[in-house]
Amino acid sequence: ILLNKPNCVFVSKYLKNITTSLYPFKSRTVISNGCSELFLKNKRKKKTKPIFVWTIRRNRGLSEILYMWNYYIYKKKPKAELHIYGLKSILNKKILQNYQNRGIKFFGIVNKKVLAKKYSYSMAMIHPGYDETFCISALEGQASGLPILTFNRTALSERVVNGVNGYKVNSYKRMAKTAVKLISSKSTRTNLSNNAIRLSKKYSWEIIAFTWYNYLRKLNH
């Protein structure tokens, strides 16, 4: 880096901002990741179920999510379910059964087609947004019509417009209340879902590839 001073491309403004200015990059540009056609063309089911999805391989924030589900969401909306993907469960059968009795189910790591199918009839995605330099899983959820419930932090907050395609909250308690509100309002869910799909279209690989083409062409002139 010191010798060549390369041009650097970041996948988010957040990543660009947290990268030290001590690196002598010739230029710093943001070009987002793209979204798979599997999710961009994922047909939304007309009838959805009160299912909230977690698809994060790191478990940071999960204990707080489980707590808020057990002691708030389940009490308000006992038919709602929380489906957790991306984690290898280390819980014993008794604990898993107790969770399942409250609508919490662990599915482990699955392929993208399984996730796409689940997204098509689920209600929303819960994603705290810790340590995210882009968060492709949330983009895939948005492309499938899932509003995102998250905190106003890291790169994920760049793609969640509060009250438009999801909600940015400041506490787990507020996240729980927002989830309950979402379950209760079909019109709100429909509006958020349609916006999530619409706004995700600009992340098609065709558009991203064209952005890269223009960027590289300018570098060569």
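Just after helix H6, glycine 145 takes a positive phi of about 95 degrees. Helices are DSSP runs of H or I with at least four residues, strands are runs of E with at least two, and both are numbered from the N terminus. The model is predicted: local features need pLDDT of at least 70, and side-chain atom pairs count only at pLDDT 80 or more, while totals for chains, interfaces and linings use all residues. Residues are numbered from 1 along each chain as its sequence is written, and side-chain values use heavy atoms, with hydrogens and water left out.

**Around H6**

Let's stay with this helix for a moment. Is H6 mostly covered or mostly exposed? H6 is mostly covered, as seven of its eight residues are buried (under 20% relative accessible area; exposed is over 50% and partly exposed lies in between, with a 1.4 Å probe and protein chains only). Among them are Leu139, Glu140 and Gln142.

In the loop between S6 and H6 you will find cysteine 135. Its phi is positive, about 80 degrees, although cysteine 135 is not a glycine. Cysteine 135 is buried, with a relative accessible area of 6%. Lysine 5 is another residue other than glycine with a positive phi, near 45 degrees. Lysine 5 sits in the segment before strand S1 (7-10) and counts as partly exposed, at 45% relative accessibility.

**The whole protein**

Now step back. The protein has nine helices and eight strands. Its radius of gyration (taken over C-alpha atoms) is 19 Å, close to the 17 Å that the globule rule (2.2 Å times the number of residues to the power 0.38) gives for 221 residues, so the protein is as compact as a globular protein of that length. Its C-alpha atoms fill a box of roughly 60 × 35 × 30 Å along the principal axes. Of the 221 residues, 44% count as buried. Among contacts (heavy atoms within 4.5 Å) with a separation of 6 or more, 61% join residues 24 or more positions apart.

**Rings that meet**

How many aromatic pairs does a search of the whole structure find? There are eleven (rings of Phe, Tyr and Trp, using the six-membered ring of Trp, with centres within 6.5 Å; planes under 30 degrees apart are stacked, over 60 edge-to-face, and the rest tilted). Phenylalanine 52 and tryptophan 69 make an edge-to-face pair, 5.9 Å centre to centre with 70 degrees between the planes. This pair links distant parts of the chain, 17 residues apart: phenylalanine 52 is in strand S3 (residues 51-55) and tryptophan 69 in helix H3 (residues 62-76).

Tyrosine 130 and phenylalanine 151 have ring centres 6.5 Å apart and planes at 55 degrees, so this pair is tilted. Tyrosine 130 is in the loop between S6 (124-126) and H6 (136-143), phenylalanine 151 is in strand S7 (residues 148-151), and 21 residues separate the two.

| Residue | Relative accessible area |
|---|---|
| Phenylalanine 52 | 0%, buried |
| Tryptophan 69 | 0%, buried |
| Tyrosine 130 | 17%, buried |
| Phenylalanine 151 | 5%, buried |

Elsewhere, ring pairs link Phe10, Tyr23 and Phe25 into a cluster.
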